[in-house]
Amino acid sequence: MPRREQPKTEFLKSLLQEKAITLDAYQHLIKEESIDAVEKILAAQGQISEEVMARARGKAFGLPYEDLIGRKVDQTVLRNIPLEVATHYQVAVFDLKGDVLLVALVNATDLKAQEAVEFLAREKGLKVHYVITTPRAYQGIIKQYGSLGTEAKEALDVAAGKFAPTAKEKVEGMEEVVKAAPVSKMVSAILKHAVEARASDIHIEPVFNETRVRYRIDGELHTSLVLPKYIHSAIVSRVKVLADLKIDETRVPQDGRIRVEIEGREIDFRISTLPLYSNEKVVMRILDTAEGVPTLEDLGFEGKNLTVMRDNIDKPHGMFLVTGPTGSGKSTTLYAILNILNSEGVNIVTLEDPVEYYLKGVNQSQVRPEVGYTFASGLRSILRQDPDTVMVGEIRDNETAELAIHAALTGHIVLSTLHTNDAFGAMPRFIDMKVEPFLIASTLNVVVAQRLVRKMCQFCKEPFEAPDTLVQEVRKELEPVRKNLPATVKLDAPFTFWRGKGCQRCGGEGYGGRTAIAEVLGVSEELKAIVASGARYDQIRDAFNRQGMLTLKQDGIVKAIAGITTIEEVLSATKE
């Protein structure tokens, strides 16, 4: 392969100069047959960023690197290369300057891709200028072949002639509307663009004379699309058909599920309809089964918090509780723990409402209160299934609490969630449910309280000078746990706060993704005595402080100082 020998050497030299690989790695990789083989090895290791790899690839083939993250491309420019060609050959047209077509390549060794592009350009009397870009940037341009607004407008133009009512007319024959291609296409576009935007939920809601489509991204709702009111019933009915719900039942809420393949990934949508005064609202929770369950580290648990959690996961029996409000990531944390416990020799049974992620090797059951299958009745049945580990989606009442406690007492690992504001309120909450204090002390291993905060965009984060009042508040909060802080946080020296300036990569938001902040309360012998004697909240908190752990707010502040999130996010998530 003499033709590729020079690019391979240049590629590796560039990575060595960037300090992306060591000299030992260079000497090992230079023996590989081709640059393609080298790239496969480095990609499998996952240690080098896409940008660094793309720059090195560009130098190897004498092509300039172009950062196209967030680049908006006009539809008239995109039409120069059909979508089928762009996706098949992994090429992306991003600009037209005079008679020169600017095209980004992902794989510079694919000569067939260049031949296809040049053939299309010659047909239009154009020349081609190539650059190298990252796979992520390429995907961002491909997604612009028909944005959500464009696709919705095209579908509406067709639908308006059929379904737009006159002043005195009402839309009839909903079955016909549902089968109509424009409505089907519009719903597909809404689902696809929600997944591309990393949304967790889709809201389709009637608002006066409009239908509003909103996506929840990193915990915040953003309006994505506004449609005329006459199309609302057709969209809702199309969603119901996909979820196998009753189209003609609009008086009561309904729940269902849709599985759709989007860009080669299996995506589950959990559907919930709600009757409103004038129409129905639909909310769809997006569950990306292709991504799998994240690890505890992925979720943001670290340091002593992670150590205490892992120590308690390894215990042979007892209860592991996660607390927090709705939407704080409790279920995802439990799934991460189940993944750790899941093995060939263990029988794990879950009772959920509803099942969110399907885990291979785990027996997952969904409660159905309408037929009398509740958490309490289901837990009784589960305990006759010879389980080693039991996960109960939520402890809501005395009966479920007592069954869960007794399961933990009889040699089972029990995972569950509880609605309390912090870790210290879990034991008093059990006592409120009429559970005997000595039983709580005997079975509870650990309580994790958590919240989700938005992660700062790492591409545009910048330091800023915080007001003195904020600095004083932070010092006051951290002073009692001075000895327990990471070495990177020094209270006697100035520390830096960060914020996201906003860039193309984060859509101007300054944030991208979310992480957990947490407080982890291990039930020590001291705590068992406190719980057995009545579980006073202030005594539990004092014992927690003596354990040398950080509260939710303190953990959040440490993450803000580290530049993971912003101090505003932390204060907002932990305000009382």
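This is a predicted model: local features need pLDDT of at least 70, side-chain atom pairs count only at pLDDT 80 or more; totals for chains, interfaces and linings use all residues.

Visitor: Why is D218 called buried?

Guide: D218 has a relative accessible area of 11%. Buried means under 20%, so D218 is buried.

Visitor: Where does D218 lie?

Guide: D218 is in the loop between β5 (210-217) and β6 (220-228). The phi of D218 is positive, about 55°, although D218 is not a glycine.

Visitor: What makes K434 count as exposed?

Guide: The relative accessibility of K434 is 64%. The cut-off for exposed is over 50%, so K434 counts as exposed. K434 sits in the loop between α18 (426-432) and α19 (437-443). Its phi is positive too, about 70°, and K434 is not a glycine.

Visitor: Now the helices. How do you know that α16 and α17 are roughly parallel?

Guide: Two packed helices are described by the angle between their axes and the distance between the axes. The axes of α16 (residues 375-382) and α17 (residues 398-409) cross at roughly 20°. They come within 8 Å. Angles under 35 degrees count as roughly parallel, so α16 and α17 are roughly parallel to each other. Their crossing is left-handed.

Visitor: Which residues meet between α16 and α17?

Guide: From α16, F375, A376, L379 and R380. They meet E399, T400, L403 and A404 in α17. By class, this contact has five nonpolar, one polar and two charged residues.

Key
Residues are numbered from 1 along each chain as its sequence is written. Side-chain values use heavy atoms; hydrogens and water are left out. Helices (H or I, at least four residues) and strands (E, at least two) are DSSP runs, numbered from the N terminus. Buried means under 20% relative accessible area, exposed over 50%, partly exposed in between (1.4 Å probe, protein chains only). Axes are lines fitted to C-alpha atoms, for helices over the stretch in contact, and angles run from 0 to 180 degrees between N-to-C directions. Angles under 35 degrees count as roughly parallel, over 145 as roughly antiparallel, 65 to 115 as roughly perpendicular and the rest as oblique. A crossing is left-handed if the near helix is turned anticlockwise from the far one by less than a right angle, and right-handed if clockwise. Contact means heavy atoms within 4.5 Å. Ala, Val, Leu, Ile, Met, Phe, Trp, Tyr, Cys and Pro count as nonpolar, Asp, Glu, Lys and Arg as charged, and the others, Gly among them, as polar.
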